[in-house]
Amino acid sequence: MKRLWLVLALGVFLPATARAEPIAISVQSSSGGFSGGTTAVGGSHAIDLGTIALPAGSVGTYLIQGLRAGVNYTVSLIVSGTPGWDTLTAELLDPIGDGNDRTDPASQPAYVPARYSTSNNTDGLSFAQDSALARSAIFAGGSATVTADELTNQRDVLTFAGLGSGMVRVTFGLRNYGSNGFLLRLNANGNQAPEPASMLLLGTGLAGLAAYRRRRSVVS
């Protein structure tokens, strides 16, 4: 009997974090050839999204649930290669109806799914704003230029520009003061390399222009 009371007492007095639900991360949607790797959560305040494939123009959206309110998490992922593009954007999308929609923009971008909105500046959802957690994209030979758009009610976006063409390790912070799940949208929207057919047309056009100039100089 004493043992039973001890077990019950431990159940009451153990910290809530010990009984907290695990963090759940899954690919909510994808397009353009995006492929998410195995999602893993390592350590108490670290989220590892594994290795992802992100072809030019592709989009991958993760549903993230179970973060402890107000805790700063370090998110890391590896982009397997960036052929034909050089800019990665990461954006946070907040669920509608969670009590903090008052300052959401009246109109939403077409890519925002139903029942979500862009993240405003008072919803408690951010890339760990003002936490000093690293925001970087490192590849062989250099690192990307990182800019943030997160001080207005329009959206929360990180832009990693000037990526190399090989493996890229991306790191940024994440924090949510609410208890609802939210979306992390990754978009390869950089400078896309011309398709082979476009390259052929471009080459043909340049050759024609050169021939035209030669003819004009002969006539002159």
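Two strands count as paired if DSSP finds at least two bridges between them. Strands themselves are DSSP runs of E with at least two residues, helices are runs of H or I with at least four, and both are numbered from the N terminus. With that in place, let me turn to the chain shown above.

This is a predicted model, in which local features need pLDDT of at least 70 and side-chain atom pairs count only at pLDDT 80 or more, while totals for chains, interfaces and linings use all residues. Residues are numbered from 1 along each chain as its sequence is written, and side-chain values use heavy atoms, with hydrogens and water left out.

I begin with confidence. pLDDT is the predictor's confidence in each residue, from 0 to 100. The chain has a mean pLDDT of 81, and 73% of its residues reach 70 or more. Confidence is lowest in helix 1 (residues 2-13), with a mean of 43, and highest in strand 11 (residues 157-161), at 98. Over residues 2-20 the pLDDT is below 50, and this stretch has four contacts beyond near neighbours in sequence; a contact means heavy atoms within 4.5 Å. Residues 212-220 also stay under 50, with zero contacts beyond four places in sequence. Where pLDDT is low, the predicted coordinates should not be read in detail.

Six bridges join strand 13 to strand 5 (residues 87-95), and the two run antiparallel; here A188 is the bridge partner of L88. Strand 13 also pairs with strand 3 (residues 59-65), again in the antiparallel sense and over six bridges, with L186 standing opposite G60.

How many of the residues of strand 13 are buried? Seven of its seven are, where buried means under 20% relative accessible area, exposed over 50%, and partly exposed in between, using a 1.4 Å probe and protein chains only. In a regular strand the side chains alternate between the two faces of the sheet. In strand 13, F182, L184, L186 and A188 are buried on one side, and L183, R185 and N187 on the other.

R185 is buried yet has no salt bridge, and the nearest side chain of opposite charge, E91, is 4.8 Å away. A salt bridge requires a side-chain nitrogen of Lys or Arg within 4 Å of a carboxyl oxygen of Asp or Glu; for charge, Lys and Arg count as positive and Asp and Glu as negative, with His and the chain ends not counted. Leaving aside neighbours within four places in sequence, the contacts of R185 include V59, T89, E91 and Y111.

Next, the packing. A nonpolar core is a set of buried Ala, Val, Leu, Ile, Met, Phe, Trp, Tyr and Cys residues joined through side-chain atoms within 4.5 Å. The largest has 34 residues, of which Y62, F160, V170, F172 and L184 touch the most other members. Strand 3, strand 5, strand 11 and strand 13 are among those that each supply at least two residues of this core. A second, separate core of five residues includes L93, V112, Y116 and L183.

Finally, backbone geometry. Most residues other than glycine have a negative phi, and most peptide bonds are trans. A128 has a positive phi, near 50°, and D130 has one near 65°. A128 lies in the loop between strand 7 (125-126) and strand 8, and D130 has its place in that loop too. A128 is buried because its relative accessible area is 2%, whereas D130 counts as exposed, at 75%.
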